[in-house]
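I want the overall build and then the ligand site.

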Amino acid sequence: MLVYHLPGTFETREDHLDLLWEAGATGLEERAGLIRAYFDEETELPDAIRDGEWRQEADQDWLAEFKANLRPVQAGRVTIVPPWLRAEIPATQVGLVIEPGMAFGTGHHATTRMAVEALSDLNLDGQTILDVGTGSGVLAIAGALLGAEYALGVDIDPITIPIAEENARDNAVPEGRTAFMVGTLGDDLPGDVVADGVFDVLVANLYAELHDLLVGAYVGHLRPGGPLILTGILTGKLPLVQGALDREGFTDVQVRTDGEWALVTARA
Ligand code: SAM
């Protein structure tokens, strides 16, 4: 397996990631201060990314290794585990089982963990939640397990919907307490539970530029005073999101961070 080791992180070398893809990288990974770019063959690289080093590495079964290294993740009142670690959910915690697979959201990414923690800080009893960019459904399902009456997850990627539905079933979420649909804000949302499309809580793990674009739509889908939870934000991009929230009149803006990732909460 051929790997190009480029010093830096996805954040510090953001402008160079496209160059790696254009040069033929088949995958990028960030580990211990290095970007690891996987290639099928050694190739001429542009000057801006020549400060790295080509390495031939032994093939590894990444999936098996990834699965073997998974540990339970505690996020506030919730412990997230893959199915084979169910027994490790502490009796005092709300257990959330997510099968690692094709959809983002096993709980092991800082953004997912912080979002579940932020949901767990709220009293969700009887509340309705809109989860934008639901992926594995982890946030909508966490909301339902924490007492929400109804959590709707939407995602532009159709592959996520059956995965989220299966994860809801695996967690024995009662029928009708979660729903998942392909789409985004601006689409017609199913009106059987939340007729006016206005939810008590809105959570979105996307990215800063998209939050900036969608923040006006967040206002339209959140009851006055309702909590907004936004993550997927690199700390360097916080001013963009904070500026957008100010522009739309959100109040009580608070930030938490984990490494290079930030989560912002605010009130509509
Ligand atoms: N909610 C999960 C979590 O917190 O782990 C998954 C978050 S993942 C980072 C972002 C998800 O948002 C992806 O599944 C992606 O397909 C979806 N997405 C990207 N742009 C979107 C948009 N404009 N509207 C809805 N979903 C979007």
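How many helices and strands does the protein have? I get seven helices and 14 strands, counted as DSSP runs (H or I, at least four residues; E, at least two).

Ground rules: this is a predicted model, where local features need pLDDT of at least 70, side-chain atom pairs count only at pLDDT 80 or more, and totals for chains, interfaces and linings use all residues. Residues are numbered from 1 along each chain as its sequence is written, and side-chain values use heavy atoms, without hydrogens and water.

Next I checked the box: the C-alpha atoms fill roughly 55 × 45 × 30 Å along the principal axes.

I then looked up polar contacts (N or O pairs within 3.5 Å). A backbone N or O atom of Gly-133 sits 2.8 Å from a ligand nitrogen. For a polar backbone atom of Thr-134, I read 3.3 Å to a nitrogen of the ligand; for one of Ile-156, the distance to a ligand nitrogen is 3.4 Å. The protein covers 85% of the 600 Å² of accessible area that the ligand has on its own (Shrake-Rupley, 1.4 Å probe).

Note on methods: A polar contact is a pair of N or O atoms within 3.5 Å; within protein, one must be able to donate a hydrogen and the other to accept it, and residues adjacent in sequence count only if both atoms are side-chain atoms.
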